[in-house]
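Please open the model in your viewer and keep the sequence panel beside it, so that each selection below can be followed in turn.

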Amino acid sequence: MSQTTLNPLPPHFPVKFTKPNLYSSFLPNPKLIQCSNKISLSVMCSSSNTQNPIQQQQQQKMESLFDSDREQELFGDIKASLTNCLSETNLHLTVPGLKSKIRGKVRDIYDAGEYLVLVTTDRQSAFDRILASIPFKGQVLNETSLWWFDKTRHITSNAVVSSPDKNVTIAKKCSVFPIEFVVRGYMTGSTSTSLWTVYEKGVRSYCGNALPDGMVKSEKLLANIITPTTKADDHDVPITPEEIIKQGLMSQADYEEASRKALSLFEYGQRVASEHGLILVDTKYEFGKSSDGSILLVDEIHTPDSSRYWIAKSYAERFQNGLEPENVDKEFLRLWFKEHCNPYEDEVLPEAPEDLVCKLALRYIYLYEKITKSKLELATAKEPVHDRISRNVSHALSSLLQ
């Protein structure tokens, strides 16, 4: 498989990310199977056609994500945009009124006085490093969040002020609680803090939740639960509600209100996802307190980066047969790097194969269109994306700060 340079970033090197107090990612990590020639659900791709026995047992005929015409249309736009991804932003150098920049894993956050300018880039991160830039990823994450923010106003107010660009949200400044409200509806996951990992080790009380004996992986919980974590720079730490209040991270009243909002948001998200053929498995929310004392939803909401989605129509049959649910995520690119290098220790990483980058871009677009039931209007203008964003943000701020 040929490899081409896709990311105009410097050579890959270990990165210590600054974790902004507004944004972080809750990354799903489901089981995977081999990919076919078409873009498929729940696939693992590599440059080799070999499979281990487990992969051979799991291989099955999977449905294409898009019809052939839409897939070809998108693939052409994706390939044409490989050299115009948004990998880095420096709006503090091009937009008057921006005071500072915080660089997160995916988002760049700029201080604009009363407001924050949140730019969602195309960066794809794992292992605390940038793996590649994925065309239209930033647009998908930003517009998915905006769609959900609009749909959930009946549940909670949010910090969004405007969106002057497909990759940008301008938000109110607020005091963000140092807690991520991770909400789970199913017994799954494979990271050290995931529900299935700790349950398999015998834990039956997790983050203040009592878990019954006899559950199996991918099983639906009797009720949705919150497993809060603290927002540490290097990793998230599970914590109980009692510890949150005892340590002064939130008042009891604020925690109870934010918890109610989180569960209501998740229940609503599950209902909408079900209507659109998906299962919202788990996600995370972040909240902040505005100057008037009201609690606002901040961060992203129900995006492919912050949430785990399964395909609804095949869940029951696959669960009964002991198979992993079909899913749409980015794990195959992460596994490709694990197979071809030591991503934790190698100073320089190989370039991500172009076909995997294109397939991952399709996945992000698929989830947006599946969730919103609308076609993503791709930002495919020939103008360099950074120039476009600088112009749009400058105009928006000039209007807001008059």
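Which side chains meet in a salt bridge at 2.8 Å, N to O? Select D254 and K289, whose side chains make this contact, a salt bridge being a side-chain nitrogen of Lys or Arg within 4 Å of a carboxyl oxygen of Asp or Glu. D254 lies in helix α7 (residues 252-275) and K289 in strand β17 (residues 278-289), so the pair ties together parts that are 35 residues apart in sequence; helices (H or I, at least four residues) and strands (E, at least two) are DSSP runs, numbered from the N terminus. D254 counts as buried at 12% relative accessibility, whereas K289 is partly exposed at 28% (buried is under 20% relative accessible area, exposed over 50%, partly exposed in between, with a 1.4 Å probe and protein chains only).

The model is predicted, with local features needing pLDDT of at least 70 and side-chain atom pairs pLDDT 80 or more, while totals for chains, interfaces and linings use all residues. Residues are numbered from 1 along each chain as its sequence is written, and side-chain values use heavy atoms, leaving out hydrogens and water.

Next, select K101 and E88, which form a salt bridge with the closest N and O atoms 3.6 Å apart.

Strand β7 (residues 129-133) runs antiparallel to β6 and is joined to it by four bridges (strands pair if DSSP finds at least two bridges between them). Finish at F127 in the turn of this hairpin, which has a positive phi of about 60°.
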